[in-house]
Amino acid sequence: KGMISDDTEHTCMVAQSLIVSAGNTSIFTRQLAYRLKWWLIGLPAGIGSATLKSIIKLWLGFPPHKCGVFSAGNGAAMRSTIIGVCYGNNIQKLRELVRASTRLTHTDIKAEYGALAVTLAAYLASQKIIIYPQFYYEKLKALIGSKEIEFLSLLKQACDSAELEENTQSFAKKIGLSQGINGYIYHTVPVVIQTWLRDQQDYKTAILEIVSCGGDTDTTAAILGGIIGAAVGKNGIPQKWLDNLWEYPRNIKWMESLGIRLAEVCQQNTKQSSLPLPVCGIFLRNILFLLIVIYHGFRRLFPPY
């Protein structure tokens, strides 16, 4: 059995904020800040330090535009795919929403570049056509500008590697990540993009490949899954994985209802109310999740390792 991680929870919070705001950036920012504050009360496991510090600042009364901390972690990228699917055809709106979502928690411009790269990939994937690596690279360069040489160089390597059909582990090793993909955005995004460009229609193969690299696997798999999921939909996810998702209250039925409501908002450009969640259910769920994480941590201390 499996449960969703904080990455999926953040994506759901972004979706809820888009539903209530219908793309209005100011309302979206306030809504996402509000949801992040109350998400912390549920005692989520595995929260990143930048996100934790930012939410604490929100509780202390800092306004959303001043609560972010200087960090180039992958917290913003992990919740950004849904923005690309919804607003990829409006570049100005896409930039505004990504910036708002990112700077709530991460103020380093690198975090924003990484989130933009993810949203672009998700949008292109949602068009349900095969994306050639160099086409993606040129689109990304136009989106973030040509001044960010380090990031563009890494993404160029990812695109070149995808064209050569190198597997994910080989590419990760080539850019110095043989010990696992950490939470630094300039490490996460190139590996995600390289894997996506090779396995654009193969959800299972892509997820297994990136998880096998180790490191921050819940986030790398969540970002990659969001991108490829935009192309293949629910039918592209292995049925066994869906059947074994043991989750409450954000179960499959609830997330499908969330997606339907968000689609209606995007099509009609009209705000709707958010989808309710039982607060007590979230708290109890997170306690169980934390116990499972602790159990796995201690289990790895004993043979067979």
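The model is a predicted one, and the stops below are read from it.

Phe 151 and Tyr 186 make a stacked aromatic pair, with 4.7 Å from centre to centre and 25 degrees between the planes. Now colour by chain position. Phe 151 belongs to helix α8 (residues 149-163) and Tyr 186 to helix α10 (residues 185-198); the two are 35 residues apart, and their pair links distant parts of the chain.

How are the rings of Tyr 184 and Tyr 186 arranged? Their planes stand at 40 degrees and their centres are 5.7 Å apart, so this pair counts as tilted; the label stacked would need planes under 30 degrees apart.

Is Tyr 184 buried or partly exposed? Tyr 184 has a relative accessible area of 26%, so it is partly exposed. Tyr 186 has a relative accessible area of 0% and is therefore buried; the cut-off for buried is under 20%.

Show the three residues together: Phe 151, Tyr 184 and Tyr 186 form one aromatic cluster. The count of aromatic pairs comes to five.

Select Lys 37 and Trp 59: the charged end of Lys 37 sits over the ring of Trp 59, 4.5 Å from the ring centre. Then select Lys 156 and Tyr 137, where the charged end of Lys 156 sits over the Tyr 137 ring at 5.9 Å from its centre.

Notes. Residues are numbered from 1 along each chain as its sequence is written. This is a predicted model: local features need pLDDT of at least 70, side-chain atom pairs count only at pLDDT 80 or more; totals for chains, interfaces and linings use all residues. Side-chain values use heavy atoms; hydrogens and water are left out. Rings of Phe, Tyr and Trp (its six-membered ring) pair if their centres lie within 6.5 Å; planes under 30 degrees apart count as stacked, over 60 as edge-to-face and the rest as tilted. Helices (H or I, at least four residues) and strands (E, at least two) are DSSP runs, numbered from the N terminus. Buried means under 20% relative accessible area, exposed over 50%, partly exposed in between (1.4 Å probe, protein chains only). A charge sits over a ring if NZ of Lys or CZ of Arg is within 6 Å of the ring centre and within 35 degrees of the ring normal.
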